[in-house]
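The sequence and structure are shown first, and the points follow by topic.

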Amino acid sequence: MQRHRLIRSALALAAANLALGAMAQGNYPTKPIRLIVPFPPGGSVDYVARTISQKLAENIGQSVVVDNKGGASGTIGTYEASRAAPDGYTLLLVFDSHAVNSSLYDIKYDTFKSFDYVSLIGTMPMALVTSKKSGFTTADALIKAAKANPGQINYGSSGVGGSNHLQPVAFARAANIKLTHVPYRGGGPMLSALLGGEVDFVIGSLPTVINYAKSGQANVVAIGTKERIKQLPDLPTIDSAVPGYTAQSWVGMMAPAGLPKPVLQHVQTALQKTLADPAVKTKMENDGFNIVGSSPAEFESMVRGESKRWAEIIKAENIKVE
């Protein structure tokens, strides 16, 4: 008798879950969706958000409002997203810093348990870009100057722990040089500092620096891919100056943990359609963005791998947030 009651209870619970899922799928979305960008305007993540938001709104069925919540290498906006209701009306774009922030900050959320991973949107090759004031027009020249003047060559970043902080750390390790790090509050301020000659160089994602290569506002001297790229075919690789060195950043979408499966599927389908849209795809690829569009499991697995890799470098270099 008890067994029958348990079976009936389990069946009732399953039926309730199915009904909830159907209701969530049928009703979602009924109001605008907030897309949190945990960085100030002007950087790589903001670029992605502004590029996909209009088409994402069409595919998801409601307007998408981009909300920049910058600070502390993305942790402030990410924490805000982690506290939002898991109903699909708050989505979050994350940068590669998401994989390393737990190694640097006393964060109030769990990198994995606090979120449902939606998709890796794509990767961006990174480029070594020097200021006009620095006078460096090749990676070899910069390395030579750094060896002659340890610690005198500086580089800018969008904050401690971001790819344009850690990639130069890896670059310095590989080239056996000593550099000075100058952090800024986001990619926009970092690039302004570069153009103004406040820093000698940055290693930035291609979509955010490609226009400087075309306009000549800064010296884009080398690319972080193994081979030259079609967007800038004359640009040498950093690997040609520092054998074995590569650099890329990535952007992905997440949501607060506990999203109903039908809602998660709706969001992911809308995102995949957006990334496959010819206008979006052409713009992003022309700007140097490699669209991926992964499954949630693939995205989470990649982040776990990145988290382990950078945690080891952070420990070895004793990197800390001031």
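Which kind of interaction joins the side chains of Lys-55 and Glu-58? The side chains of these two residues, Lys-55 and Glu-58, meet in a salt bridge, with an N to O distance of 2.9 Å. The model is a predicted one, and the count of salt bridges in it comes to eleven.

- Lys-55 has a relative accessibility of 22% and so counts as partly exposed.
- A further salt bridge joins the side chains of Glu-285 and Lys-281, again given as N to O, at 2.9 Å.
- Glu-285 and Lys-281 lie four residues apart in helix α9 (residues 278–286), which means that about one helical turn lies between them.
- Glu-285, at 26% relative accessibility, is partly exposed, and Lys-281, at 34%, is partly exposed as well.

- Arg-173 and Glu-317 form a salt bridge in which the closest N and O atoms are 2.5 Å apart.
- This pair links distant parts of the chain, since Glu-317 is in helix α10 (residues 296–317) and Arg-173 is in helix α5 (residues 163–175), 144 residues apart.
- Both partners count as partly exposed: the relative accessibility is 35% for Glu-317 and 43% for Arg-173.

**A salt-bridge network**

- Three residues, Arg-34, Asp-67 and Glu-80, are linked in a network of salt bridges.

**Packing of α2 against α8**

- Helix α2 packs with helix α8 (residues 261–276) at an angle of about 130°, and their axes are 8 Å apart.
- The two helices, α2 and α8, are therefore oblique to each other.
- The crossing of α2 and α8 is right-handed.
- From α2, the residues Ile-52, Lys-55, Leu-56, Asn-59 and Ile-60 take part in the contact; from α8, the partners are His-266, Val-267, Ala-270, Leu-271, Lys-273, Thr-274 and Leu-275.
- By residue type, this contact of α2 with α8 divides into seven nonpolar, three polar and two charged residues.

**Val-66 in strand β2**

- Val-66 is found in strand β2 (residues 64–68).
- Its relative accessible area is 16%, so Val-66 is buried.
- Leaving aside residues up to four places away in sequence, Val-66 touches Leu-35, Val-37, Asp-46, Ala-49, Arg-50 and Ser-53.
- One of these contacts, Val-37, is 29 residues from Val-66 in sequence, and the two C-alpha atoms are 6.9 Å apart in space.

**Thr-90 in strand β3**

- Thr-90 is found in strand β3 (residues 90–95).
- Thr-90 is buried, because its relative accessible area is 9% and the cut-off for buried is under 20%.
- Beyond residues up to four places away in sequence, Thr-90 touches Arg-34, Ile-36, Ala-81, Ala-84, Ala-255 and Pro-256.
- Among these contacts, Arg-34 is also a member of the salt-bridge network with Asp-67 and Glu-80.

Conventions:
Residues are numbered from 1 along each chain as its sequence is written. This is a predicted model: local features need pLDDT of at least 70, side-chain atom pairs count only at pLDDT 80 or more; totals for chains, interfaces and linings use all residues. Side-chain values use heavy atoms; hydrogens and water are left out. A salt bridge is a side-chain nitrogen of Lys or Arg within 4 Å of a carboxyl oxygen of Asp or Glu. Buried means under 20% relative accessible area, exposed over 50%, partly exposed in between (1.4 Å probe, protein chains only). Axes are lines fitted to C-alpha atoms, for helices over the stretch in contact, and angles run from 0 to 180 degrees between N-to-C directions. Angles under 35 degrees count as roughly parallel, over 145 as roughly antiparallel, 65 to 115 as roughly perpendicular and the rest as oblique. A crossing is left-handed if the near helix is turned anticlockwise from the far one by less than a right angle, and right-handed if clockwise. Contact means heavy atoms within 4.5 Å. Ala, Val, Leu, Ile, Met, Phe, Trp, Tyr, Cys and Pro count as nonpolar, Asp, Glu, Lys and Arg as charged, and the others, Gly among them, as polar.
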